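Let's walk through this model together, one part at a time. Keep the structure open beside the text as you read.

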There are 2 protein chains.
Amino acid sequence: MNRSEIESSLRWRYATKLFDPQKKISAAHWETLSNALVLAPSSYGLQPWKFWVVQDNSVRELLSREAFDNQKQVVDCSHFIVFSMKLDFNVGDVERHINRMAEVRKSSTESLARYRDFIAAGVQRAVAGKYIIPWMSRQIYIPLGQFLTVAALLKIDACPMEGNARRFNEILGLKEKGYWGLCVCAAGYRIETDIYATAPKVRFEKNEVIAFL
Amino acid sequence: MNRSEIESSLRWRYATKLFDPQKKISAAHWETLSNALVLAPSSYGLQPWKFWVVQDNSVRELLSREAFDNQKQVVDCSHFIVFSMKLDFNVGDVERHINRMAEVRKSSTESLARYRDFIAAGVQRAVAGKYIIPWMSRQIYIPLGQFLTVAALLKIDACPMEGNARRFNEILGLKEKGYWGLCVCAAGYRIETDIYATAPKVRFEKNEVIAFL
């Protein structure tokens, strides 16, 4: 793929403040965006997550009131996605992954037993050591990064937000569903008058963020 | 950008097990990959991170011995990158970001005072509430996601690993430099005999990971 096209897409993207409520992401583009979520890499391929697309306008209104400064993006964007991790992640989830692996790769679960035991031991250590939640909560930012990159390539605007996680989760009842949202992303199309659209991107110098050892 | 090309790139990528030690990423491709790191989004644009590219072979050998199962990727890949967060992240880092914003956007720091105070208050709350480290440690997975996506688009292979973080940090002396590595990524080119290269990708069904509300 063309390098300059990739780089110009990454420079083109910005945390969109104003979305055009009239412009919706097409079914074809959503197909690619949602596949970017499904295909995102994760530790051991465990996919300890679920993505919630909030379509109900009244729910979006409720969420918007909890977002900082009544962020209009929540209501005006085309697709509003909540990135959540699975709570109570445990060896049962490893089993589920291994079963899926056997199904997709047409192999027996017996042949995957050693691999399953290895991953299960890691997950059990993380549960016992109480670092399973921080571990899984970091993972969810991989699909966020992939989603934002693919959106930019498709010239779809996006605005990731962390906002008021606790209230967002309460409104959506995610905890009762066994999940916990850590970040959200509004996606759609900018209004060209958004003054932030053309503001120069602020990044530290490359030699300040990349070092060679 | 072409949707099918994006999707086929995402399906083409896999956690590469065998890298060809003879094949190096070109300077031009590294330019795009490193720009993907620099341009990665972060909360408030704070970029609470640093990326370390380990070139020294003897250091890579040391790291390899600490990686699970002596992962050969560490030594054989073209570029080995450590994704680290800045430790002791505080209001001084907010100042630095605001100063950079004033520089890039040719505005006065005075005009950014309210914005600075808002972000600084958030960072201070996170420091006081002791959730600054988890917050910043999640952020570092955004550039990881962006890096893996861009690498796939460039047909560059990659293998993200979390491995033995503590020993990796010790060997590289990152803590003394004020940083803490959370994940690493080997990048380069696969050996075509890597049996995992052609194994079907294992993902849950889309309707199991994406839900509509």
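B:Lys130 is exposed, with 8 other C-beta atoms within 10 Å. The terms used here count C-beta atoms placed from the backbone: a residue is buried if 20 or more others lie within 10 Å of its own, exposed if 12 or fewer, and partly exposed in between. You will find B:Lys130 in the loop between helix 6 (113-128) and helix 7 of chain B. Its phi is near 60 degrees, a positive value in a residue other than glycine. B:Tyr44 also has a positive phi, near 55 degrees, and is not a glycine. This residue sits in the loop between helix 2 and strand 1 of chain B, and B:Tyr44 is partly exposed, with 16 other C-beta atoms within 10 Å.

Before going further, a word on how to read all this. This is a predicted model, in which local features need pLDDT of at least 70 and side-chain atom pairs count only at pLDDT 80 or more, while totals for chains, interfaces and linings use all residues. Residues are numbered from 1 along each chain as its sequence is written, with chains lettered from A and ligands numbered from 1 in the order in which they are written. Chain A has a mean pLDDT (the predictor's confidence in each residue, from 0 to 100) of 95, and 99% of its residues reach 70 or more. For the complex, the predictor gives an ipTM of 0.97 and a pTM of 0.97.

Now turn to the sheet. Helices (H or I, at least four residues) and strands (E, at least two) are DSSP runs, numbered from the N terminus, and two strands pair if DSSP finds at least two bridges between them. Five strands form an open sheet with mixed pairing, in the order 3(A)-4(A)-2(A)-1(A)-5(B). Strand 3 (157-161) of chain A and strand 5 of chain B stand at the edges with a single partner strand each, so one side of each is left without a neighbour in the sheet.

Where do the two chains meet in this sheet? Strand 1 (residues 49-54) of chain A runs parallel to strand 5 of chain B, and three bridges join them. A:Trp52 stands opposite B:Ala211 in strand 5 of chain B, and A:Trp52 also stands opposite A:Val82 in strand 2 of chain A. Strand 1 and strand 2 (residues 79-86) of chain A are antiparallel, paired over six bridges; A:Lys50 has A:Ser84 as its bridge partner there. Strand 2 of chain A pairs with strand 4 (residues 179-188) of chain A over eight bridges, again in the antiparallel sense, and A:Met85 stands opposite A:Trp180. Strand 2 of chain A is mostly covered, with seven of its eight residues buried.

Finally, look at the contact between the chains, where two residues count as touching if their C-beta atoms, placed from the backbone, lie within 7 Å. The contact takes 65 residues from chain A and 65 residues from chain B. On the side of chain B that touches chain A, helix 8 of chain B gives the largest share, ten residues. By class, this side of chain B has 40 nonpolar, 13 polar and twelve charged residues. Here Ala, Val, Leu, Ile, Met, Phe, Trp, Tyr, Cys and Pro count as nonpolar, Asp, Glu, Lys and Arg as charged, and the others, Gly among them, as polar.
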